[in-house]
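Subject: Structure handover and notes

Hello,

Here is the structure we talked about handing over. Please open it alongside this message and keep it on screen while you read.

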Amino acid sequence: MADALAALRSLMSSHSPPLHALLVPSEDYHQSEYVSARDKRRDFVSGFTGSAGLALITMNEALLWTDGRYFLQAAQQLSEQWKLMRMGEDPAVAIWMADNIPKDAAIGVDPWCISVDTAQKWERAFAKKQQKLVQTTKNLVDEVWKNQPPAETNPVIVHPLEFAGRTVADKLKKLREKLAKEKSRAMIITALDEVAWLYNVRGTDVSYSPVVHAFAIVTLDSAFFYVDKRKLSSEANSYMKENGILVRDYGEVSSDAVLLASDQLTASSSDKTPTGFSRNTESNDRKATGNGAIPAAEFVNDLIWVDPCACCFALYSKLNADKVLLKQSPLALEKALKNPVEMEGLKKAHIRDGAAVVQYLAWLDKQMQEIYGASGYFAEAESLSKNKLKDTTRLTEISASDKLEEFRASKENFRGLSFPTISSVGSNAAIIHYSPEAETCAELDPDKIYLCDSGAQYLDGTTDITRTVHFGKPTPHEKACYTAVLKGHISLGDARFPNGTNGYALDILARTPLWKYGLDYRHGTGHGIGSYLNVHEGPHQISFRPSAQNVPLQVSMTVTDEPGYYEDGKFGIRLENVLIVKEGNTKFNFGDKGYLTFEHITWAPYQKKLIDVSLLAPEEIQWLNDYHSKCSDILAPYLNQSEAEWLKKATEPVPA
């Protein structure tokens, strides 16, 4: 890290103009949350491996901003050369630079790795001190990263209609209708999950997210796919032709954005290969009809639609700013509203996934008793001995989570994990997005809380579930905290609310039982989830963050319900289910708005041993017993006899 900082400072000095500071974001060219190994530039320079953060390097200092999920992790991973800046507590990056970097300073950034929105905010902030945001022509981190992994060249996979539920032609038609309505003639699509969703393709370029590194440009009569052509098999090429999608090299999106700006990007002008279409040929007519093209005669204005939070500043900079519509991508909401096929797939995937989690918990219960002399999942006593079987292999956070992955891998349509499993014991569970490493991870301990947040990718759906358990004797304080989290989880998951309600308004439901004791948590309460796509999906969310006010919850959205509590250096608790928003059958309908509620589609028991039943209201006990009853009925057919017996015991009713 020290060598990298020295090398970067040397490049900053020799840059034209010389740079007083360099910003290194976490994101790739598509503003992704999870990025490929090649794009982990911020990790490389700072040593911090969390998914969210921003590094700032000056000639004398190195600072890293991250949010509350990662405060503990960053404090552990950053070397003495780095200073941790806690978002929400320390000054924001623009404010810090205004106070600590000279007037007229040049601040460098790779414009491919920041969004339009972020770049414009920084430019406005820097201008107050006559500081200037400088777009570097090369990524300076790439220049000093000697062993940077190569770009991924994994195949593009066609996502079958039996899982996608909607054709490409239908999606393009809807998109073009929205373009015309907004007086736009084209849209540049940069978010990897939106490109994948629109063209019904998937890939393996990014760990945990089944996407392919690609851009798309859609005009009123053409559709372009920018990708490394080596990733396309003959079948994939045929699929693109059949759907009227022109394949271009990944890097050509830059020059095509320039052509688009001057209204010169057409099927014929951009494609130099025999697979291209000319505007007036019969093949182009077939293409236009097949992919929902809108005749240009119906069109008046001249805007290019760009999502300011998803599109990189580099592409935006090639357009005429006064001819750009800066508005959230229409694909974000459309993708979030699951079609009936996706909905059914998600429910089935969550049942198989729930079976895997129960198999894991039953296996882990047995292991903890056999290896560590623990009282186990059901009984409540101190462990007999931590060395009951001296010659046996000890369980670690990683060896345990590997077993969970093994159970998942045995399920139909499994395609991998949806994020790195958070398998965490004791004080590690207090690190909200803890990621165990083989060399340093902890051994399981029957006398400490174990938090497991995990998920998987299946062809028919993406899953995300958290359960917190104890295999020994939990303290009264741990029980009280677990019960408060459970009460918030139930309160949100059982809510009824009018149409038009956003996740900002609902967030308080999950926190109120914790606030009663003066407790809280530093993360949002819920995020959307993809249909064999990204595990974190917008545009809606349930959170205390103001951005949660932007999009109301709507029927057929998915969202997680995951309150928690974390006691630094001691333990962490989180409970998480995936919910589907559905119409609520309320007795009345005030204001004629229509009411909504949630359907839980995650199935796995809550540990009764960790619940202080005296703190539950009768209706909460009823909810718990009803959920457990369904859980047992739904999962039993997927389990062997001993697993089914374990589940039956885990879901026995709690006496009121």
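This is a predicted model: local features need pLDDT of at least 70, side-chain atom pairs count only at pLDDT 80 or more; totals for chains, interfaces and linings use all residues.

Residues are numbered from 1 along each chain as its sequence is written, and side-chain values use heavy atoms, with hydrogens and water left out.

Annotated regions

UniProt, in an unreviewed entry, lists "domain: Creatinase N-terminal" at residues 6-138. UniProt positions are given here in the numbering of this model, feature names are shortened, and annotations may be inferred rather than shown by experiment. Residues 6-138 are 32% helix and 20% strand, and the end C-alpha atoms of the span lie 18 Å apart. Helices (H or I, at least four residues) and strands (E, at least two) are DSSP runs, numbered from the N terminus.

The unreviewed UniProt entry also places "domain: Peptidase M24 C-terminal" at residues 594-654. That stretch is 46% helix and 10% strand, with its end C-alpha atoms 34 Å apart.

Salt bridges

The whole structure holds 34 salt bridges, a salt bridge being a side-chain nitrogen of Lys or Arg within 4 Å of a carboxyl oxygen of Asp or Glu.

Buried means under 20% relative accessible area, exposed over 50%, and partly exposed in between (1.4 Å probe, protein chains only).

Lys323 forms a salt bridge with Asp302, and here the closest N and O atoms are 3.3 Å apart. Lys323 lies in the loop between α14 (313-316) and β14 (324-326) and Asp302 in the loop between α13 (282-290) and β13 (303-306), so the bridge ties together parts that are 21 residues apart in sequence. Lys323 is partly exposed at 34% relative accessible area, and Asp302 is partly exposed at 28%.

The side chains of Lys335 and Glu537 also meet in a salt bridge (3.4 Å, N to O). Distant parts of the chain are linked by this pair: Lys335 is in helix α15 (residues 330-336) and Glu537 in strand β23 (residues 537-542), 202 residues apart. Lys335 is buried, with a relative accessible area of 4%, and Glu537 is buried at 3%.

Asp453

Asp453 lies in strand β17 (residues 450-454). Asp453 counts as buried because its relative accessibility is 4%. Which side chains does the side chain of Asp453 make polar contacts with? One is the side chain of Thr466, at 3.1 Å, and another is that of Arg574, at 2.9 Å. A polar contact is a pair of N or O atoms within 3.5 Å; within protein, one must be able to donate a hydrogen and the other to accept it, and residues adjacent in sequence count only if both atoms are side-chain atoms. Leaving aside residues up to four places away in sequence, Asp453 touches Phe419, Thr421, Ile422, Asp464, Ile465, Thr466, Arg574 and Glu576, where contact means heavy atoms within 4.5 Å.

Helix pairs

Helix α9 (residues 192-199) is mostly covered, with eight of its eight residues buried. Asn200 follows α9 and has a positive phi, near 50°.

Helix α8 (residues 168-181) packs against α9 at an angle of about 120°, with the axes 7 Å apart. Axes are lines fitted to C-alpha atoms, for helices over the stretch in contact, and angles run from 0 to 180 degrees between N-to-C directions. At that angle α8 is oblique to α9; angles under 35 degrees count as roughly parallel, over 145 as roughly antiparallel, 65 to 115 as roughly perpendicular and the rest as oblique. Val168, Lys171, Leu172 and Leu175 of α8 meet Trp197, Leu198 and Tyr199 of α9.

Helix α16 (residues 340-372) and helix α21 (residues 641-650) pack at about 90°, their axes 10 Å apart. That makes α16 roughly perpendicular to α21. Val358, Gln359, Leu361, Ala362 and Asp365 of α16 make the contact with Glu643, Trp646 and Leu647 of α21.

Regards
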